[in-house]
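This report is written for a reader meeting the structure for the first time. Please look over the sequence and the model before reading on.

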Amino acid sequence: MMEPSSTQRLAPPKVLSVQALRKQYGATVAVDGISFDVGRKEIVGLLGPNGAGKTTTLNMVLGVLEPTSGSIHIEGVNLAKRRAQALERTNFAAVYAPLPGNLTVTQNLRVFGLIYGVKGLSERIEALLTQYDLQRFRDVKCGVLSSGEQTRVALAKAMLNQPQLLLLDEPTASLDPATARDIRARIRDFAARGSSGVLWTSHNMYEVEEVCDRVLFVSRGKVLLEGDPRKLPHEHGKATLEELFITVAREPLALERI
Ligand code: ATP
């Protein structure tokens, strides 16, 4: 019988693996040596007060910002060394990065699909228009859509290249509760169905408890706490995730006492 090769014996790589990541702007340390990973079918929440370093972290994972030091591997591929290959199956949605408002929904999906080199693009667009309930807006310019409709288009765009790693920066900010619930259900469904992982930032603790399998509390560029959002508060003597968040955000050193 043939021996399995060393690659067969190894566990499959994590969707995302971040090691000792750091970003410094002059005297400001935005991200101060953080390490974490995201597994398959896992939704990981990146939480922390304003200015904690969440968006800077996401931007480094997206290859938009160059880290001062540390490493990022996506599906085992080193982002610094094999950038195109690492980013091939990554995608992103955020309210501060809206799609061009003067293009229609279909035009936007076509432009991004061409950029990503999606095969069978017309069929993929039709499937996404149906999946994200966008058929009736297909020829409407994105700029006139409501926030909830724009979020659905942004998610459809983010799914074009069937990402293994999906990065979401406050995807439900500014959405009404019913629309936000719909968006959460779609993202949970996405993670449950395939082999992808999701890294999600949010300031809504209710949402985080509902959606995330694991959370990382970041403050001043460091990961202070990590765990199951439904168990963490009790482990630290707090009634709710929001209470724990407020304690950590106000006074990180208090963690040593709770
Ligand atoms: P928020 O919840 O408000 O979106 P955040 O956790 O995403 O906050 P970042 O945007 O990552 O925080 O910012 C982290 C820190 O780095 C902040 O103190 C910010 O002022 C600083 N920072 C970010 N970008 C730059 C830059 N280009 N030059 C200097 N400082 C920066």
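## The second largest pocket

The second largest pocket of this predicted model has a volume of about 270 Å³. Of the 15 residues that line this pocket, Arg124, Gln131, Met159, Gln162 and Phe190 are the closest to its centre. Helix H5 (121-131) and helix H7 (177-193) are the elements that give two or more residues to its lining. By class, the lining of the second largest pocket holds 5 nonpolar, 6 polar and 4 charged residues. Because domain 1 (6-89 + 164-257) and domain 2 (99-162) both contribute residues to this lining, the second largest pocket lies between them.

On a 1 Å grid over the protein atoms alone, a pocket is an open set of points where a 1.4 Å probe fits, with protein on both sides within 12 Å along at least five of seven lines, and lining residues have an atom within 4 Å of a point. A volume is the space filled by probe spheres set on the points, which are joined across faces, edges and corners. Ala, Val, Leu, Ile, Met, Phe, Trp, Tyr, Cys and Pro count as nonpolar, Asp, Glu, Lys and Arg as charged, and the others, Gly among them, as polar. Helices (H or I, at least four residues) and strands (E, at least two) are DSSP runs numbered from the N terminus, while domain bounds come from an automatic or database domain assignment.

## The largest pocket

The largest pocket has a volume of about 590 Å³. It is lined by 23 residues, and those nearest its centre are Glu88, Thr90, Asn91, Tyr116 and Asn161. Strand E6 (90-94), helix H4 (105-116) and helix H6 (147-159) each supply at least two residues of the lining; E6 gives the most, with 4 residues.

The lining of the largest pocket divides into 13 nonpolar, 5 polar and 5 charged residues. Domain 1 (6-89 + 164-257) and domain 2 (99-162) both give residues to this lining, so the largest pocket lies between them.

Which residues surround the ligand? They are Tyr25, Ala30, Pro49, Asn50, Gly51, Ala52, Gly53, Lys54, Thr55, Thr56 and His203, where a residue is near a molecule if one of its heavy atoms lies within 4 Å of it. An oxygen atom of the ligand is 2.8 Å from a polar backbone atom of Gly51. For the side chain of Lys54, an N or O atom is 2.7 Å from an oxygen atom of the ligand, and a polar side-chain atom of Thr56 lies 2.5 Å from a ligand oxygen atom. A polar contact is a pair of N or O atoms within 3.5 Å; within protein, one must be able to donate a hydrogen and the other to accept it, and residues adjacent in sequence count only if both atoms are side-chain atoms.

Helix H2 (residues 54-61) is largely enclosed by the rest of the structure because 7 of its 8 residues are buried. Buried means under 20% relative accessible area, exposed over 50%, and partly exposed in between (1.4 Å probe, protein chains only). The buried residues of H2 are Lys54, Thr56, Thr57, Leu58, Asn59, Met60 and Val61. Gly63, which follows H2, has a positive phi, near 80 degrees.

## Individual residues

Glu75 lies in the loop between strand E4 (69-74) and strand E5 (77-78) and is partly exposed, with a relative accessible area of 27%. Gln162 is found in the loop between H6 and strand E7 (165-169); at 47% relative accessibility, Gln162 counts as partly exposed.

Thr247 belongs to helix H10 (residues 241-250) and is buried, with a relative accessible area of 17%. Its side chain reaches the backbone oxygen of Glu243 at 2.9 Å. Arg193, in helix H7, counts as exposed at 61% relative accessibility.

## Basis of the values

Residues are numbered from 1 along each chain as its sequence is written, and side-chain values use heavy atoms, with hydrogens and water left out. In this predicted model, local features need pLDDT of at least 70 and side-chain atom pairs count only at pLDDT 80 or more, whereas totals for chains, interfaces and linings use all residues.
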